[in-house]
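Please look through this model with me, point by point.

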Amino acid sequence: MNQKIACMDEEILNKQQCHWENVFLKNNSMFGERCSGPAMEAAELFKEEGRTKILELGAGQGRDTLFFANNGFEVYSLDYSRQGIECIDQRSRDMGLSGSITALQHDVRESLPFDDGSFDACFSHMLYCMPLKTSELVFISKEIRRVLKPDGLNIFTTRHTGDPQYRTGVHWGEDMWQIKGGFIVHFLSREKVKRISQGYDIVDVEEFEEGQLPKKLFKIALRKKAIKKLI
């Protein structure tokens, strides 16, 4: 019985990809043209530390991708929506930024298609609150850490359990709820953030609000721990 429920949950979670494809197909600027606030803050930190090669996960339709590229960063943007990646490719060509952007369709539940130590930093806005199980979030964090250079930064945002939509709609296991609009959201607690941050030094956990309701989010800054060499 439990196995059957688990399979059904997995099917529902996989169907979210189709849902996002349809949403992006109907609206080529779902989140607006302006970059997110967290992306602006991340860019400032990246510049301060001389980080130039950036990995962005869950890039959507590319509003933050284009912002990073327009500010001198080399950006590798991944999203599991084909429509999203096509939108990024088209906009980067239109803005003359295609030389600074590599956009790839990728499911983050699979290993990242990059060598160890490839990037200075990683950024993701609300990827961690997608319908991903905690075990999958742990895997994603490990993969990000793998492809980061020593002392590399992983900055991400996620909706948390203080959000007004937490425990509303249909429950799909763990702290995942299918809210209004058909989206399944994984609301993270501080304890869960610590769990998925293993192997990093937690630089900062900041609470902020965004959009209507308003949404309640964490902005987390992690630094890859240096490997201690045995003498």
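1. Contact here means heavy atoms within 4.5 Å. Leaving aside neighbours within four places in sequence, Asp 79 is in contact with Gly 58, Ala 59, Gly 60, Ile 85, Leu 104, Gln 105 and His 106.

2. A word on the source. This is a predicted model, in which local features need pLDDT of at least 70 and side-chain atom pairs count only at pLDDT 80 or more, while totals for chains, interfaces and linings use all residues. Residues are numbered from 1 along each chain as its sequence is written, and side-chain values use heavy atoms, with hydrogens and water left out.

3. Where does Asp 79 sit? Asp 79 belongs to strand E2, residues 74-79. Helices (H or I, at least four residues) and strands (E, at least two) are DSSP runs, numbered from the N terminus.

4. Asp 79 is buried, where buried means under 20% relative accessible area (1.4 Å probe, protein chains only). Yet Asp 79 has no salt bridge. That term requires a side-chain nitrogen of Lys or Arg within 4 Å of a carboxyl oxygen of Asp or Glu. The nearest side chain of opposite charge, Arg 63, is 11 Å away. For charge, Lys and Arg count as positive and Asp and Glu as negative; His and the chain ends are not counted.

5. What lies 2.7 Å from a polar atom of the Asp 79 side chain? The backbone nitrogen of Gly 60 does.

6. Strand E2 is mostly covered, with five of its six residues buried. E2 pairs with E1 in the parallel sense, over five bridges. Two strands pair if DSSP finds at least two bridges between them. Ile 54 stands opposite Val 75 in E2.

7. Now the whole sheet. Seven strands form an open sheet with mixed pairing, in the order E3-E2-E1-E4-E5-E10-E9. Its edge strands are E3 (101-105) and E9 (200-210), and each pairs on one side only. From one strand to the next, the twist averages 15°.

8. Further along, E4 (residues 119-125) and E5 (residues 148-159) run parallel, joined by six bridges. Ala 121 has Leu 153 in E5 as its bridge partner.

9. Helix H4 (residues 82-94) lies across E2 and E3, at about 165° to E3. Such angles run from 0 to 180 degrees between N-to-C directions, with axes fitted to C-alpha atoms, for helices over the stretch in contact.

10. Overall, the protein chain has six helices and ten strands. Buried residues make up 50% of its 231 residues.

Note on methods
Polar contact = N/O pair within 3.5 Å; in protein donor to acceptor, adjacent residues only side chain to side chain.
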